[in-house]
Amino acid sequence: MIKNFDEITYELTEFEKFELLPIMLKALSQKIGSGNVVSNKQMKKGLLNICGIKVSDARIRKIIHHIRVKQLIKGLIANSKGYYVAESKEEIQTFVDSLQQRINSIETVKMSFFEFLPETIIQSK
């Protein structure tokens, strides 16, 4: 879980592991190549319309995270349009580079809080 986001980042439930995960694995494994992206919104709509299951954006992302960490679909990456299975090492490297850029950006924000934390404490007194 992520602190302050407990209500959406909790571990997968039994329902998510044994019902949603298999459905998403089957669907996502067919999304090979950047021309076959599927967005979070499309997945939510499909789960609702086809399976009658309502899922939040955050829980879709949590399941995607689980799939990636456990490598249940090798090369499951994303771009600004959605998720898909990479067809080349270059696509995977581009995705990893993007992850690193996001990590660096978050680290910059974090460090700015450490830099200004003493000022914030002084101003609040």
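The lining of the second largest pocket holds nine nonpolar, two polar and one charged residues (Ala, Val, Leu, Ile, Met, Phe, Trp, Tyr, Cys and Pro count as nonpolar, Asp, Glu, Lys and Arg as charged, and the others, Gly among them, as polar). Welcome to a predicted model, where local features need pLDDT of at least 70, side-chain atom pairs count only at pLDDT 80 or more, and totals for chains, interfaces and linings use all residues. Residues are numbered from 1 along each chain as its sequence is written, and side-chain values use heavy atoms, with hydrogens and water left out.

**Second largest pocket**

- This pocket has a volume of about 240 Å³, a volume being the space filled by probe spheres set on grid points that are joined across faces, edges and corners.
- A pocket here is an open set of points on a 1 Å grid over the protein atoms alone, where a 1.4 Å probe fits, with protein on both sides within 12 Å along at least five of seven lines; lining residues have an atom within 4 Å of a point.
- Among the residues that line the second largest pocket are Ile23, Met24, Lys31, Gln42, Met43 and Cys51.
- Helix 2 (14-28) and helix 3 each supply at least two lining residues, and helix 3 gives the most, with six.
- Helices (H or I, at least four residues) and strands (E, at least two) are DSSP runs, numbered from the N terminus.

**Largest pocket**

- The largest pocket contains about 680 Å³ of space.
- Its lining has 16 residues, of which Ile2, Arg61, His65, Arg68 and Arg102 are the closest to the centre.
- Helix 1 (6-9), helix 4 and helix 5 (89-124) are the elements that give two or more residues to this lining, and the largest share, six residues, comes from helix 4.
- By class, the lining of the largest pocket divides into 10 nonpolar, two polar and four charged residues.

**Helix packing**

- Helix 3 (residues 40-51) and helix 4 (residues 57-69) pack at an angle of about 100°, with their axes 10 Å apart; axes are lines fitted to C-alpha atoms, for helices over the stretch in contact, and angles run from 0 to 180 degrees between N-to-C directions.
- That angle makes helix 3 roughly perpendicular to helix 4 (the term covers 65 to 115 degrees).
- Asn40, Met43, Lys44 and Leu47 of helix 3 make the contact with Asp57, Ile60, Arg61 and Ile64 of helix 4, contact meaning heavy atoms within 4.5 Å.
- Helix 2 and helix 4 pack at about 75°, with their axes 11 Å apart, and are therefore roughly perpendicular to each other.
- Residues of this second contact include Leu20, Met24 and Leu28 of helix 2 and Ile60, Ile63 and Ile67 of helix 4.
- The contact of helix 2 with helix 4 divides into nine nonpolar, one polar and two charged residues.

**Strand pair**

- Strand 1 (residues 76-79) and strand 2 (residues 82-85) run antiparallel and are joined by four bridges; two strands pair if DSSP finds at least two bridges between them.
- The two strands form a hairpin with two residues between them, and Asn79 stands opposite Gly82.

Conventions: Angles under 35 degrees count as roughly parallel, over 145 as roughly antiparallel, 65 to 115 as roughly perpendicular and the rest as oblique.
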